[in-house]
Structures are given as structure tokens and as C-alpha cells.
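The stops below can be selected one after another.

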Amino acid sequence: MTASVSRVAVTGTELADATVRLLADGFRLALVAAHDEDDHLRVVYLFLAGRPDRRTELTLTVPAQHPSIPSLARLSFQAGRFEREMLDLYGITPVDHPQPRRLVRHAHWPENWHPMRNDAGPPPDFVAAGRFPFLNVEGAGVYEIPVGPVHAGLIEPGHFRFSVIGESVLRLKARLWFVHRGIERLFAGRGAGAAVELAERISGDTSAGHALAHSLAVEDALGVQLPDPAHRLRALLVELERLYNHAADLGALANDVGFGLANVHAQHAREQLLRINAQVTGHRLLRQAIRPGAVVLQALPDSGQLQALAEDIAEIAELTLGNSVIYDRFAGTSVLHRSDAEALATLGYVARASGLVTDARLDHPITDLPVTEATAATGDVLARYTVRRDEFAASVALCRNLIESHRGPLEFTAEIPAAGGSGIGIVEGWRGTIVHRVEIGADGAITRAKIVDPSWFNWPALPVAMGDTIVPDFPLTNKSFNLSYAGNDL
């Protein structure tokens, strides 16, 4: 069911007009990938639209020496961020960008070192870090609260700078990319069928989602076809991943307002789901079950056990929201208005809680799935909680359908040919739409992989939602978004 991709080569003068037409036709900019081909650089802009599934790539070629592209930042907020990323990693200058500040590169990175260029070489010595400038908010009684980048527990590094007066937040700035890992470069040179272990480790809590997006991209590039039952087994694994993450966060949100009892019960449900994962795939995080051309399950889950867990989660949510103090704490807190969610191109439950309709299972289907969409309209912590609650129930219903309708083997394997091409993989992970794009050389080795985790789109929405809140709202708000640092910090 994968849609074909319309590919169009454009010049610098044609790029903006082509983008305007696609945006007006309901497309969104899903990915921008630069490619270093020694004597020139190639920039690919992937636009997606759903219902029906439509995919268009615009390709712009620029010289390798002093490369520049016309900025699309005034047409698309996300285009501006992709352009800043390419400026840091490839040295491609976005001409007429309104805010061409560093994005990935921290102050200690050498000025002219662009790690994704072919001639970058090993990392040079880093310079003294100095200070990273933040916009100062001034006025009587205004002060700053810095948080991070080092946090307690297992939270990955991120710096948050609050400008506040009293307890009221005037402005929040999030600074990420403290552990940029160069994962996209690590894909280069690996065989098309031998890189899935890397995809599984892009963001550990989304191992199945990223493994599937990578596998679909490779299969699209090489023309590999799997039967529908294989796609349905893969869909089941992604739903199991959705379940254990949603269960954990429903408990953690209650815990953030002091309702530890709900959290204990939710974490018990999560543990049961992780054990189901291990029975189904041999791995609690669902690794090693999905790879290009293949899906391998050891067993199907017990649909009755999943239904019992759905009833447990429903009861936990009812007890949580039945507490008037907790309900009042969630309602009206950190509102992300629909207009802001749309302008920032948010994805997943963050978007759906603000009234946007977006779900790659329906927008870009690989197989027919009876998906029940969960939405809300208020865009506050309560909406993000209830969407997750409703998605848990809907996901269990989908899992039961996939389990009870399955006939035949639990393992499917297709040959991966040694051939070249480019392909796209789109998956509705538990946080939202994941997009992978790969290019494979004639020898069957990956030459370029570009990955976009939904957190890339959703991180800018967090400070917007915090714009009319108090400092104690931040832990609760941050958990209601629950964005991936690692999936963003590639």
C-alpha cells in the first residue's frame, strides 16, 4: 500500500514557489537531508500528505565550495530548523534565514568543523566552551532559573533557562544536543540488511518504531515486498511498544502531582507489558524482531491478558482524574493552542491533544488497520493525559484484532538484494510519526540515512505551552510531552 514518491529537481529560484504550492496542497515538510557528493552537495526536501498518502521530494544541488541555499524559514518554521541543522553539520548557508543561529553545534565545537562532510576527518580538539548566549528578559523583579543539562536519575542532558517574575514563567528556552552522537553518519557503509541494530538504538524506548521505519525505508529502496500478514505482525510489535510507554507515563504524570499510588499500579502494568514483550520477541524492548525483509516472533501475546491490563489502566486513570485536586492540577495547565500546534507542525499525542488529526497508520498506511483515533481539543496537560489513556484502550483493541485474526507462521523472511536506490519509511511510533530516508549504493551499502523522530517537531512546542504557567508546572508539563532527547540528538 506504500505510495510512490514524486521526485522533482529544482533550482534555487524554483524552490520557494514549489514549496508554497505543496504547503497549499496540504503537504507538510517532513524531512530535509543533505548529501555530500564531493564536488557538490545535494539537498532533499521530503513533503508528505495523508488521506490519501502522497509523497514528494524536491532536490536542490549546490556547489561543494561555499554552499548556500535559499532559506524557506519564512514559509515553514520547521524548514528553518532543518536549515540551521545543515549549517552546523554540513556548512550549508541558508540565505535570508531570519535567525541563523547555531542549533546542533555547541560553543566548544570548532568554528569551521562540519562533521557530516566527507572531508571532516576525526573530531579536532574542542575549544574552551565560553558562554552560549540566551535572550535576556529584563524588568523589575525578573530573574533567571537555569536547570540542567545534568539532571537527576536517568534523564538525558538538556538545559532549560527560565525567565520568571515571582513564580510566573515569562519565557522558557530549551537547549539540547549535548551528546550529539553522529548516528546518521554511523549508518554510512553498513550493508542494507545489517544496520537495524543501530536503528533500534536511536531512542531506546522506541526500538520497534525506529527499526520498522528503517526496515520500510530499505525495503522501499530495494523493491522488497512482504506479505500482508508480516506487516500486521510488525504493526502488533509497534502497538506493544505504545502500550508499555503509555502505561508508564500515565503513572508518572500522577506521581508528579503526588499521587504515588496510581504510579505504583501503572508501573506494575508496565512491568507486565515488558514481560509480554520478552515472551513475544525474546527482548523486553522488542529488539531483534524487525529487520529489513523480515519479522520474527516467538509467540503471540495473550489477548485476554492485554484486555485485563486495559481494564487496569482504565481504573487507574479513573482514580487519578476522580481526585479533584489532581483534576484541577491537570486542567488548564500548559495549554498548547491548536493554532500553535499547527504552526509548529506537532505530531503524535501532542498534536492530537490540541485537536489536530494526524496518525501515520491512517495517513501513510502499510496495511489496513482498524485504528480508533483518540483526540482532545483543550491542549492542556489533562488533554495530553486523556489522549494517552484513550490510545491505550484503542491500542489494546487493535492488538486483539491483530492477534485473533492472525493465521499462519510467526516468521517471514525475504531476500535483501545487493542493489541501489532510495527509500522512505514512515511509522506511527508511540510519540508520533517517525520518518527514515535511506540511500543505498549499487554495492548494497547504505550511503546516507536521515532520521526524523517526532520529538524533533515537538520540542519547540514545549516552551510555547509553558508561556503562561508557573515554575512548579514544568515537571508536570515536561512529562505530559515526554519528548526524547536521544531521538532528537542524533
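Start with the open sheet of three strands, ordered E13-E14-E15 with antiparallel pairing. Strand E13 (421–428) and strand E15 (446–452) are at the edges, and each has a single partner strand, so one side of each lacks a neighbour in the sheet. From one strand to the next, the twist averages 10°. Strands here are DSSP runs of E with at least two residues, helices are runs of H or I with at least four, and both are numbered from the N terminus. Two strands count as paired if DSSP finds at least two bridges between them.

This is a predicted model, in which local features need pLDDT of at least 70, side-chain atom pairs count only at pLDDT 80 or more, and totals for chains, interfaces and linings use all residues. Residues are numbered from 1 along each chain as its sequence is written, and side-chain values use heavy atoms, with hydrogens and water left out.

Next select strand E14 (residues 433–440), which pairs with E15 in the antiparallel sense over six bridges. Within this part of the sheet, Val435 stands opposite Val452 in E15.

Move to Ser480 in helix H16 (residues 473–481). Is Ser480 buried or exposed? At 1% relative accessibility, Ser480 counts as buried (under 20% relative accessible area; exposed is over 50%, partly exposed in between; 1.4 Å probe, protein chains only). Leaving aside residues up to four places away in sequence, Ser480 touches Leu253, Tyr349, Val381, Arg384 and Arg388. Show the side chains of Ser480 and Arg384, which make a polar contact at 2.9 Å (a pair of N or O atoms within 3.5 Å; within protein, one must be able to donate a hydrogen and the other to accept it, and residues adjacent in sequence count only if both atoms are side-chain atoms).

Stay with Arg388: its charged end sits over the ring of Tyr349, 4.0 Å from the ring centre. The charged end of Arg81 sits over the ring of Trp456, at 4.3 Å from its centre. This requires NZ of Lys or CZ of Arg within 6 Å of the ring centre and within 35 degrees of the ring normal.

How values were computed
Contact means heavy atoms within 4.5 Å. Axes are lines fitted to C-alpha atoms, for helices over the stretch in contact, and angles run from 0 to 180 degrees between N-to-C directions.
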